[in-house]
Amino acid sequence: MKRVFLPHNLEELWRIIAGEPKADIYAGGTDLLVKLRQNLINTPSLICLERIEELKGVHEQGDEVMIGACSTHTSLLENPIIQRNFPVLTKALNVLASPLIRNMGTIGGNICTASPAADTLPPLYVLKAEVEIRSRSASRQMALKEFILGPGITCLKAGEIVSGIWVKKVPGFNLHHFEKVGQRKALAIAIVSLATLFKISGEEMVEDVRLAWGSVAPTVVTSNEIEAMLVGHRLSRQVLKKAAPIARAIVKPIDDIRASADYRRQVAENLLIRLGSVQK
Amino acid sequence: MKSLEIGRPIPRVDAYSKTTGQERYAADYYGENLVWAGVKRAGIAHALIKDIHIDDAKTLPGVISILTHKDIQGSNRQGMIRKDQPVLADNKVNHCGDAVALVLAEDKASLHKALDLITLDLEPLPGIFDPEKAIGEGAPLVHEGHPQGNVLFKGVLETGDIEIGFKECHAVVEACFELPHQEHAYLETEAGWAILKENGQLKIVVSTQSPFRDRSEVAEALGINVEKVRIIAPYCGGAFGGKDGVTVQTLLGLAVFHCPGRPIKMWWDREESFLASPKRHPARLYYRLGVKPDGALHALDVRFYYDTGPYDHLGGAVMALGLEHACGPYRISNVSLKGFCVYTNSPIGGAFRGFGVPQVTAAMEQMMDMMATQLGLSPFEIRKRNAIRCGDKNPIGISVTGSTGFEECLKTLEEHYLWKKRNEWKSKAGPFKKRGVGIASVMHGMGYGPVVPDFANAKIELTREGKFRVFSGVVDIGQGNASTYLQIAGAILNQDMAHMELVLPDTESALPSGSASASRTTSTFGNALIGAAQSLKHRVLQRAAIYFMAKEIKEVDLIPGGVNHFTTGKEIPLSEMFHILDDSEKVAAYTFTAPTAKENPTEDQNLRLHGVPHLIFSYGVHLCYVEVDELTGNIEVKRYLAVSDCGRIINPQTFEQQIHGGIAQGIGYALCEEFIVKEGRVRTPDLATYIIPTALDVPEMDSIPLESYEPTGPFGLKGAGEISIDGPLPAIANAVADACGVRLFRSPFTPERVLKALKERENREFEH
Ligand SMILES: Cc1cc2nc3c(=O)[nH]c(=O)nc-3n(C[C@H](O)[C@H](O)[C@H](O)COP(=O)(O)OP(=O)(O)OC[C@H]3O[C@@H](n4cnc5c(N)ncnc54)[C@H](O)[C@@H]3O)c2cc1C
C-alpha cells in the first residue's frame, strides 16, 4: 500500500513535497499506474497533481499561449484557443490513445514521460514550445528540446514540477499537418510520426517549414537541412524525393516488437513524400 | 405485454444487468475469509524438473500452503480426447506456461511474494517449435511415450484419383500459406471460486464453456468421486473456445482440500492468461489446385500442419474440422487431403471460434482467386461455376442434404450495390492509395460429428409465482443464447419476458448437456427446449381444460401469465395453476441428440471420433473493400458485407452481433493479431503488444441473412457463432491482391510486411 496525497493548490503541494521528498509525482496516472502495476515504482508515497486548478487551463497572453501542465488531452482538444492557433497539436491529440485515456492523461505527463513515441512532442517541437518549471522557491523556463534529454530523461530536479507549457502563436504558418503510423487506429503507440508546419504562398511555394519526427530516435528528430531544401520550392514529388534520403540518414530508430528499424527509416522518408499531397 | 415471438429482435435478458455492472461473473465471487490461490509457471519451454524449491515461500507469513504434483491423488492428467496435460507438472516442463506449483495465501500480496520465492531447478531440453520439423527425424520428443512421436493426430481424406485428376487439368496453381497463433483476448480472464462444503461437496463457480465435462475432468484428475463435484457456470465474460476445457477448475479443486470450508479464488491476470491459455493453432498449409478449361475445379492436393503445442486441448478435433473444410463449398472430384496435428513446445493450440476452419479457408479462398487470375475469370465467376448445391457429393464424398444456400448467397452478393459499385469506388482512390475489393466463400459444419453424441437435455418448470423457469444446460459465453432460450420457450408457451425465468447452468440443477461450442449451442439445446416446453404446455393445458370443464383441450390456450378458456372468456393465472398441478406435473424435461451423417468418408475410426464428417453446414460469402497505403503499407478495411445462410433467424439482433463480432475478430486475425513466443519467451505478453482491433479499425458492416429453412434445426435455424470469422482473412487478402497486385502468404498482413512486398514488386518490375 502506498499513501497518496491529493493537494488542492500549489502551496499545499510544496508543503507535502517538503515532507515527502521521496514521493513520486503524477497527474493523470496513465503512465505512472502502468509502471506501478509492473512493480517499477518503489517510492513509499505518491503525490497527485490532478486537483490543482492553478496547473490547468489554457491562457492567452498576447502572442503567447500558456497551457497548464495538468490540462487533460480532452480539455485541450476541446479548447478553442488551441484549435484556432495550434491545429498541429489538435491533430496529434486526436490520435493520442483513446477517449478514456485522453480524459485522464495530461500534456505535462506526456512531456515528462519523455517517451520517444509521445504524440504531443513532435507538434510541440515544431511550435518551439518552452517548458515552465517550478519548485517551492524558484521558477525557470527552458526550450522543450533542451528539457528532454533522452527516453524517460528530463532536466527535472527533485522538488520540481512542470507547471506549464508556453507556445508562441504561429500566424505565419498556414498549413498544419500531423501523421502518425501505428499498429491500429486508436490506442496505438507511434511507430513513426511527423509533425509539420508550412507557410505556403499563393503560388503554392514553401516560404517556411518546420518538421519534427517522432518515434525514430531517442528523442524527437528535426532537420534544418531538409527544411532549407524545401523552402523556395513547390512541394513537388521531385523536391521531396530529393530530401527523403536525408530523413533516412538522420533518424536513429530501433527494432522492437512493433516494427523494425528498417521499416521506421523507410516510413520516416515516406511521410515526407506524403507532404506533397497534404490538403490545405 | 406481447408474448415472445420467433424472428423478432427482443432485447437480451442480460443486457441491463451487464451494462449496469450487476451481473455476477465468476471473477466477481469473493466471500469472507477468502483464500487467494495462484500458480508458479515454468517460464521455459522444455526442461526436466529436477527440483521445486518451496521452503522459503512456505514459511512466508500469510502463506497457507504450497502444493506440487506430489499432492495430487488422481491421474494428474486432464484433457478431452487424449488426457496428456498435467494439473501440476511432474517430471517435465513442456511449454512456458506450464503450472508447476500451487500457492494458497491469505491475501494477494503474500501470494505474489510466495510465487516469487519459489525457485525451479530445471534442466533445459532442446525445444521444438515448428510442426513440420517436429515430425522430422531426430526431433526432440514432447511426450516420450507417445507411439506416434510428435504427431498427436494425423488425418487423411481422399476421393477420386489425385494423380489422374491433375493430369486431366488445364491449369494448376500452387502455394504455401502460414498463419500465426491467435489469442482469444476475452474481456474476462480465467477465473474461478471454490469451496469444500461440510457434506464433502466440492463446489466450483467458474468461467467455463463446458460445466458437465469439467465435472468429470476435475474428478478424474484429482481422484475424487464425480458425484461430489458441482460446477456452476455464470455468464462468461467472453470465451471464444478458450474456456472449452479446464483452466482453473482442477487447481481450485486441489486447493480446497487444503483449506476446507474457506472460499478460494483464482483469477489470472492478463499476462498469465496470455501465457497459459490455449491459442488458435498456427498453421502451414501446402495447396495445389487444378482446373478444367471451363474453370471447373478438378483436383485438389492439400497437406497441412497445425502446431498444437504440448497438449491435446481439442487439437486433434480442430485439425480434423480443418481437414473436412479444406476444399471450401465447391464440387471437386479428385481430392487428397492430409492433415497433421503436431506436438511442439509452443503455447497450447486449442479451440478458438472457427475451430481449424479459418486456416484452411484462408488458403482455399486465396487459391480460388489465384486460379481465377490465371484463367482470366472474375473471382465471382469461378466461385459461381463451382458452387456446391443440395444433392451434390461434397469433395470428401458425402452427399449434401438439408438446407444449402450457398448459391443463393452468391446471387445476393451479385445483386448487392457494394458488388455492383466496386469499380466506381476503386477508381476514386486518393494519392498514394490503392483500392481493391475481395470476396471469400465460407462454410461451417455444426456440432460434434458422428461419434461423440451432440446432445442436450432441457428442463423447464412452472414456479409458484406463475412463471416458466428454464434450466439452461449450455453456458452463455456472451453470444446471447440464454436470451434465445427464453425466446424459444416463451414463443411456445405464449409468454412474455415477465413470465419467463432463467437459471444459468449448474450441474446440480440443470440436466447434462454438451458444451457451448461448435456452432451447436442454440441448435441442439433449442431442440431439446422445444420438446420440454411443448410437453409442459400440453400438461398445463390438459389440467386447465378439466378445470374449465372444457370439452376439448382446443378450448384453452396459454396467454401471458395464465390460461384462457375461449368459450367462456374466463382466465386462470399460472400462479393458480401451480396449486392445481401436482409437483410431478410442474416440470418437463426433454433430450435431443443431433442427427449425424449416414455416409462415411473414411475407414479411420479415429478420424470419425475427432468429428468427421458433419451433416449440417452453414454457408456464406463475404466481401470487403480495402485501401492500401503505398507509403506505409497500411491496410484499411473500408467496408464489409457478409451474406450468410445460417437457416432461419430467431433473434435478428443477436444474429447480427455474432456476424459482426466474427468479422471484427477476423479482421484482427488478418491484419494485426500475432501471438509471438520466441524460444519459450512471450514477446507479446499484454494488450499493449498483442494488437487487437479497436472500434475504429472495424468498418461499417452489412449482414444479410438468407433465412433458408433447415429442417433439423429449432424453427429452422443453423449454427451462426463461428462462420463469420472464416471469411475476413481471405477476403482481405484477395482485396489487397486486387488493389496492388501483391499477395502475402504469411499473415497477419502488417504494414511492414505489406510495404516490403510492395517494394519487392517494384524492384521486380524495375528489373524487367
Ligand atoms: C492504454 C494507454 C494508451 C496510451 N496511448 C498513448 C498514445 O497514443 N500516445 C502517447 O503519447 N501516449 C500514450 N499513452 C501514455 C500516456 O497516456 C500519456 O503519456 C499521458 O499524456 C501521460 O499523462 P499523465 O498525466 O497520465 O501522466 P502520469 O502517469 O500522471 O505521469 C507520467 C510521468 O510524468 C510525471 N509528471 C506528470 N505530470 C508532471 C508534472 N506536471 N510535473 C512533473 N512531472 C510530472 C510523473 O511523475 C510520471 O513520471 C498511453 C497510455 C496508456 C495507458
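**Notes on strands, cores and a helix crossing**

1. In S27(B), B:Ser644 is the bridge partner of B:Gly620. This is a predicted model, in which local features need pLDDT of at least 70, side-chain atom pairs count only at pLDDT 80 or more, and totals for chains, interfaces and linings use all residues. Residues are numbered from 1 along each chain as its sequence is written, chains are lettered from A and ligands numbered from 1 in the order in which they are written, and side-chain values use heavy atoms, with hydrogens and water left out.

2. Strand S26 (residues 617–629) of chain B runs antiparallel to S27(B), with ten bridges between them. Strands here are DSSP runs of E with at least two residues, helices are runs of H or I with at least four, both numbered from the N terminus, and two strands pair if DSSP finds at least two bridges between them.

3. On S27(B) (residues 635–645), ten of the eleven residues are buried (under 20% relative accessible area, with exposed over 50% and partly exposed in between; 1.4 Å probe, protein chains only). S27(B) also pairs with strand S30 (residues 700–705) of chain B, this time parallel and over six bridges. There, B:Val643 stands opposite B:Ile704.

4. The largest nonpolar core has 116 residues, and B:Tyr287, B:Leu300, B:Leu337, B:Ile732 and B:Phe749 touch the most other members. Such a core is a set of buried Ala, Val, Leu, Ile, Met, Phe, Trp, Tyr and Cys residues joined through side-chain atoms within 4.5 Å. Helix H10 (residues 357–375) of chain B gives this core its largest share, ten residues. Apart from it lies another core of 48 residues, including B:Val475 and B:Phe578.

5. Beyond its neighbours within four places in sequence, B:Ile732 is in contact with residues including B:Ile635, B:Val637 and B:Phe749 (contact means heavy atoms within 4.5 Å).
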